[in-house]
Amino acid sequence: MSGSMLKNIWLPYTQMQTCNNPVIAQTTKGSVITLQDGTELIDGIASWWTACHGYNHPYIADHVQKQLQKMPHIMFGGIIHEPAITLSAKLAELLPGDLNKVFFTESGSVAVEVAMKMAIQFWLNQNKIEKTKILSFYGGYHGDTMATMAVCDPEEGMHHLFKDVLPHQHIIQLPTTQELRQQFSDFLEKHHHEIAAILMEPLVQGAGGMLFHDPEQLSFLRQQADHYNILLIFDEIFTGLGRTGSFFACNQADIVPDIIILSKALSGGTMALAATIARECIFDGFLSDKESHALMHGPTFMANPLACSCANASLNLFEQYDWASNVKNIEAQLTQELAACLKLDIVKDVRVKGAIGVVELHKIDNMNLLKNKLLEHKVWIRPFRNIVYLTPAFTITTAELSQLTRAIYDVLSS
């Protein structure tokens, strides 16, 4: 099978001409991936941080099986169902303020596009036709579709090849210093009339470089958005649902964005699901006797009953164990065990926030070699650019986490 398994497959983020045969997963359980040859790998990234409760959780699986028997899918146009009703109510209860109008999609990129579309149309419905730009930040990542590529970091991200064909958006430095805050305010003073929304990843900019910032930055952005009459969108696809230590990253600043985006861990890593949730005032901006003022968007598999059932089970699980203590313990263990990497000459920085551990290198000369060495240590870790990171399941054991941190140190020091 090894010689032909890639005959019909196109892998993501991969130069297929030089791609070696990938490993073949056979089963998963907890934080363990078992390969076809019987090798067991400790998963350090929870399948792009989706499997927050670990793989194959029996509680989620039970909900899937029951829903599968009743109704695996039905269109969401003109007809709704109990799993979506329950999930939207759960999210509205958990989210801060009046973030209670839930629009479901199947992926994070699409959910971001919906948020951008909501923000722009909110102003168009008020005949403010000049407010069509989205302001985002260097170091940010919001997806791989054409619209979301336009709000990702144009230089350091994955989409620089498309910079001349993407729609122009405003991308500037995140205002993390007093000088940058003044520059940010000056920029808004000049451009606020054309900006529909500020879009950012709160506390951690994920796939753009695993860059951290303080809750004070979120409060500053909320104040500036209010002052200049601009909407504030938080992309919490990565940071939401416990990853940074609070249930939502915005909780740490005690503020409410106008729109929040969730995906990844929303279904506990079981099925594709995303949600774009707006405040009451945003939703009210679409209520009109004009059909053209409605939000004209509708993914075929939006609010898929199976996926909604997974999400309902996953949210229930957060109430059934002390996930916050788990994340705090993971944070402490990552801080202690990754600190040794700072002694290595090839390491530029080590940083930890919640269940996120990052070892930033000066550069990675041979990515494939690094990945293969990590595999030899029986761990599943996928570095990118100059970053080796861990985003484990909240249910990972201390022994499993130590195997991950030890593998990173041993490989980087070899």
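Searching the whole structure turns up two cavities of 30 Å³ or more. A cavity is a set of points, on a 1 Å grid over the protein atoms alone, where a 1.4 Å probe fits but cannot get out. Grid points are joined across faces, edges and corners, and a volume is the space filled by probe spheres set on the points. This is a predicted model: local features need pLDDT of at least 70, side-chain atom pairs count only at pLDDT 80 or more, and totals for chains, interfaces and linings use all residues. Residues are numbered from 1 along each chain as its sequence is written, and side-chain values use heavy atoms, with hydrogens and water left out.

**Largest cavity**
- The largest cavity holds about 40 Å³ of space.
- Its lining residues (an atom within 4 Å of a point) are Trp49, Cys52, Ile237, Phe238, Gly240, Leu241, Arg243, Lys264, Ala265 and Phe394.
- Seven of these are nonpolar, one is polar and two are charged. Ala, Val, Leu, Ile, Met, Phe, Trp, Tyr, Cys and Pro count as nonpolar, Asp, Glu, Lys and Arg as charged, and the others, Gly among them, as polar.
- Domain 1 (1-56 + 322-413) and domain 2 (59-319) each supply at least three residues to the lining of the largest cavity. The domain bounds come from an automatic or database domain assignment.

**Second largest cavity**
- The second largest cavity has about 30 Å³ of space.
- Gly30, Ser31, Asp43, Ala46, Ala51, Gly54, Tyr55 and Ala393 form its lining.
- By class, that lining has four nonpolar, three polar and one charged residues.

**Second largest pocket**
- The second largest pocket has a volume of about 420 Å³. A pocket is an open set of points with protein on both sides within 12 Å along at least five of seven lines.
- Sixteen residues line the second largest pocket, and Val102, Phe103, Met118, Phe283 and Leu295 lie nearest its centre.
- Two or more lining residues come from each of β4 (99-105) and α8 (280-284). Helices (H or I, at least four residues) and strands (E, at least two) are DSSP runs, numbered from the N terminus.
- β4 gives the most to this lining, with five residues.
- The lining of the second largest pocket has 12 nonpolar, three polar and one charged residues.

**Ser109**
- Ser109 sits in helix α4 (residues 108-124).
- Ser109 counts as buried because its relative accessibility is 16%. Buried means under 20% relative accessible area (1.4 Å probe, protein chains only).
- Neighbours within four places in sequence aside, Ser109 is in contact (heavy atoms within 4.5 Å) with His142, Gly143, Asp144, Thr145 and Thr148.

Definitions and conventions: Buried means under 20% relative accessible area, exposed over 50%, partly exposed in between (1.4 Å probe, protein chains only).
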